[in-house]
Amino acid sequence: MSELFEVVKNRRSIRNYKSEIPAKEKIEKVIAGANWAPSDGNSQPWQFYVARGEIVDGICDEFYSHAKEHIPNASYIPEEKKQPMLEYAKDFGGAPVHIIISYETEDDPIKDEEALMGASAAVQNLMLTAADQGLGTVWIAGHVAHSERVKRLLNLSESEKIAGIIPIGIPDMDPPLKERQNPKDKTEWLGF
């Protein structure tokens, strides 16, 4: 099995971090890896924002404000998971740095979708490069990625949207492998 496949297979979503800030060189390497993502026509539609301090606090506050309203009333979340999820929501497990990946929209549904696809590929590359560097990440989207407050904190333009907020840091947990569905059940071979 190739080294790349091992990184892909062993990457985990990390929800508990040490307080130590990762070396700037590692973060730069992670961003460089993200920047090599494929995109339609090599458009490279992404922008990276590396945040800590007050901006991270503001993003976490926005996430927690929504979570404490949503999680207790979410019937699909088992009761025993609600309190740990609320604890995590307070500060993304203590991640000291966030990397936010945005993309530009153009009021063209096809181009906007292609930009989101490219930015999402950059998120994936970022997370794999981080895992290769011994750093933990988790992909945050949903309400907080669409929040006007977060857009203001990051000083995003009106046409910028967030593909992912990626807490990043030194893992303080080692989650087990989660089962994956069999790809044979999700694959149709056409013309073979």
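In the predicted model, Val 97 has Ile 168 of strand E4 as its bridge partner. Strand E2 (97–104) and strand E4 (160–169) run antiparallel and are joined by eight bridges. Ile 168 is also the bridge partner in E4 of Thr 137. Strand E3, which comprises residues 136–137, pairs with E4 in the antiparallel sense over two bridges. Strands of a sheet pair through backbone hydrogen bonds, in either a parallel or an antiparallel arrangement. Here the pairing is antiparallel, and four strands form an open sheet in the order E1-E2-E4-E3. E1 and E3 are the edge strands, each pairing on one side only. E4 is mostly covered, with nine of its ten residues buried.

Within strand E3 lies Gly 136. The relative accessibility of Gly 136 is 2%, so this residue counts as buried. Apart from its neighbours within four places in sequence, Gly 136 is in contact with Ile 14, Tyr 17, Pro 167, Ile 168, Gly 169 and Pro 171. One of these contacts, Ile 168, is the residue of E4 that bridges to both Val 97 and Thr 137. Between the C-alpha atoms of Gly 136 and Val 50 the separation is 15 Å, the two residues being 86 residues apart along the chain.

Two helices lie across strands of the sheet. Helix H5 (109–132) lies across E1, E2, E3 and E4 and runs at about 155° to E2. Helix H2 lies across E1, E2 and E4, and its direction is at about 165° to E1. H2 spans residues 24–35, twelve residues in total, and reaches 16 Å from its first C-alpha to its last, close to the 16 Å expected at 1.5 Å a residue. Its buried residues are Ile 27, Val 30, Ile 31, Gly 33 and Ala 34. These residues lie on the same side of H2 because they cover an arc of only 155° around the axis. The elements that cover them include strand E1 (46–51), E2, H5 and E4.

H5 also packs with helix H1 (residues 3–10), at an angle of about 105° and with the two axes 9 Å apart. H1 is therefore roughly perpendicular to H5. In this packing, Glu 3, Val 7 and Val 8 of H1 meet Leu 128, Ala 131 and Asp 132 of H5.

The buried residues of H3 are Val 56, Gly 58, Ile 59, Cys 60, Glu 62, Phe 63 and Ala 67. They pack against the strands E1, E2 and E4, and against helix H4 (79–91), helix H6 (143–146) and helix H7 (148–153).

Key
Residues are numbered from 1 along each chain as its sequence is written. This is a predicted model: local features need pLDDT of at least 70, side-chain atom pairs count only at pLDDT 80 or more; totals for chains, interfaces and linings use all residues. Side-chain values use heavy atoms; hydrogens and water are left out. The expected span of a helix is 1.5 Å times one less than its number of residues. Buried means under 20% relative accessible area, exposed over 50%, partly exposed in between (1.4 Å probe, protein chains only). The arc is that of the directions from the helix axis to the C-beta atoms. Contact means heavy atoms within 4.5 Å. Two strands pair if DSSP finds at least two bridges between them. Axes are lines fitted to C-alpha atoms, for helices over the stretch in contact, and angles run from 0 to 180 degrees between N-to-C directions. Angles under 35 degrees count as roughly parallel, over 145 as roughly antiparallel, 65 to 115 as roughly perpendicular and the rest as oblique.
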